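Colleague: Hi, could you walk me through this one? I'd like to start with the charged side chains.

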Amino acid sequence: MAHHHASSSATNSATQRRKAMIRMLATISGDVAVGMVLASACMWMIHIAAWGIFLSFLAWLIAAVLALVISQYVVHPTVKFVLSDRKLDDVTRRVFGLTELFYAQGVRSSQDIWHALKRTAGTVQGRWRPAG
């Protein structure tokens with residue numbers, strides 16, 4: 001009984017680490033995307049308006065602060081909502097189910113190909129036997 005509890009605890013810990021990693025990668029991706037959009041907008045404004053050094057610095061400063069605000073109040077809560085424990089468990093279960101299905105189908109297909117190759121090799125070998 002103690003072994004089962006320890007195994008369950010280790011599995012639960014691994015699952016929690018996997019969920020945390022998925023959320024962290026999603027959050028970083030969202031933060032980078034927001035930063036890239038704001039940097040592109042900044043570059044466009046500076047290029048089109050031909051601003052001086054002070055206004056360019058001010059635009060970058062506003063964009064950086066805006067990126068932090070969007071990250072904190074939009075990206076992080078969205079990731080937390082979209083990637084809830086229940087949703088991640090459901091997706092993980094479905095992905096593992098599909099993986100098992102594809103694996104089983106791949107094994108069957110490779111066995112079918114192997115048997116077809118053996119039959120073909122036997123047929124070819126029978127045709128090319130020297131007369132004797």
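Modeller: Happy to! This is a predicted model, and in it a network of salt bridges links Lys19, Arg23, Asp85 and Asp89.

Colleague: Nice. Which residue does Arg23 meet in a salt bridge?

Modeller: Arg23 meets Asp85, with 2.6 Å from N to O. That pair links distant parts of the chain, as Asp85 sits in helix H3 and Arg23 in helix H1, 62 residues apart.

Colleague: And how far apart are the closest N and O atoms of Lys19 and Asp85?

Modeller: They are 3.9 Å apart, and the cut-off for a salt bridge is within 4 Å. Lys19 belongs to helix H1 (residues 2-49) and Asp85 to helix H3 (residues 85-127), so this pair ties together parts that are 66 residues apart in sequence.

Colleague: What about Lys19 and Asp89, what's the distance there?

Modeller: For that salt bridge the closest N and O atoms are 2.8 Å apart. Here too distant parts of the chain are linked, with Lys19 in helix H1 and Asp89 in helix H3, 70 residues apart.

Colleague: Is Lys19 buried or exposed?

Modeller: Lys19 counts as buried because its relative accessibility is 6%, and buried means under 20%.

Colleague: Then how do Asp85 and Asp89 count?

Modeller: Asp85 has 35% relative accessibility, so it counts as partly exposed. Asp89 is at 32% and therefore counts as partly exposed too.

Colleague: How many salt bridges does a search of the whole structure find?

Modeller: The search finds five. Among them are the Lys19 pairs with Asp85 and with Asp89, plus the one between Asp85 and Arg23.

Colleague: Switching topic: how many helices and strands does the chain have?

Modeller: There are three helices and zero strands. Reading from the N terminus, the order of elements is α-α-α.

Colleague: Last one: among contacts with a separation of 6 or more, what share comes from residues 24 or more positions apart?

Modeller: That share is 70%.

Notes. Residues numbered from 1 in each chain as written. Predicted model: local features only at pLDDT ≥ 70, side-chain atom pairs only at ≥ 80, totals over all residues. Heavy atoms only, no water. Helix = DSSP H or I, 4+ residues; strand = E, 2+ residues; numbered from the N terminus. Contact = heavy atoms within 4.5 Å. Salt bridge = Lys/Arg side-chain N within 4 Å of Asp/Glu carboxyl O. Buried < 20%, exposed > 50% of the residue type's maximum accessible area, 1.4 Å probe, protein only.
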